[in-house]
Structure formats: structure tokens, C-alpha cells
Amino acid sequence: MVHDCTDQTDLDELIGKQCWEGQCLLFRYGPLARAMKIGEELILENSEALSPLLLAKLGSLLHDDLFIDETEELIHPPAGFRLTLRRACLPEQRTTMAAS
């Protein structure tokens, strides 16, 4: 699973948040929670855009289970879960990599 990050990316975007759909209040899981639930790798593209505080929070989440207050759900990630931070390649780096 791949998620493109921006300087506006926050924990609500990655874990999930409640939203109204008609008359119902639903919880929409973000990519981090989904990857943790199914034991899949999550690649955060453009990770250099993430704030140092958000990176620290993500680091602490990797060592613990994830508890989602809104759903009262405790997610214990299966062995296959991984979080990969990937920096964006600059156009000149792509050219160099393609030529190699």
C-alpha cells in the first residue's frame, strides 16, 4: 500500500477519522490503520514532507499496538506489517537512475 504525503499530512490522515455519511457517523480508516490491520507494508511517499513531530509519533506507534479511541479498537499488527519512508526523487536523480 502506498500513500503520498504532503506537509499537511497528519495522524488523522494516516490513522483515520470520523466523518458523517448522511445521518450516520462513520470511522474511515487511514492507510496506516489499514496496513496494520492486514499486515501489509505501507510506503509513505514524499516522507521528507512530514514534520519531525509526526515522524516521532510514527516511530512510537511502531513499537506498540494502535488503539483507536473512536472505535475502541486495539490493532495488534501481524508479522507482515512494515512502514517504509520513501523520499521523492528529484528529476535529475530519475535520469541518472534510469541511465544506470
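Is glutamate 21 buried, partly exposed or exposed? With a relative accessibility of 45%, glutamate 21 counts as partly exposed, because that class lies between buried (under 20% relative accessible area) and exposed (over 50%), with a 1.4 Å probe and protein chains only. This is a predicted model, in which local features need pLDDT of at least 70 and side-chain atom pairs count only at pLDDT 80 or more, while totals for chains, interfaces and linings use all residues. Residues are numbered from 1 along each chain as its sequence is written, and side-chain values use heavy atoms, leaving out hydrogens and water.

The structure holds four salt bridges, a salt bridge being a side-chain nitrogen of Lys or Arg within 4 Å of a carboxyl oxygen of Asp or Glu. In one of them, glutamate 21 meets arginine 28, at 2.0 Å from N to O. Arginine 28 is partly exposed, at 40%.

A further salt bridge joins lysine 37 to glutamate 73, with their closest N and O atoms 2.9 Å apart. Lysine 37 belongs to helix α2 (residues 31-38) and glutamate 73 to strand β6 (residues 73-75), so the pair ties together parts 36 residues apart in sequence. Helices (H or I, at least four residues) and strands (E, at least two) are DSSP runs, numbered from the N terminus. Lysine 37 is partly exposed, at 38%, whereas glutamate 73 is buried, at 18%.

Glutamate 45 and arginine 86 also form a salt bridge, at 2.7 Å from N to O. This pair links strand β4 (residues 41-45) with strand β7 (residues 82-86), the two residues being 41 residues apart.
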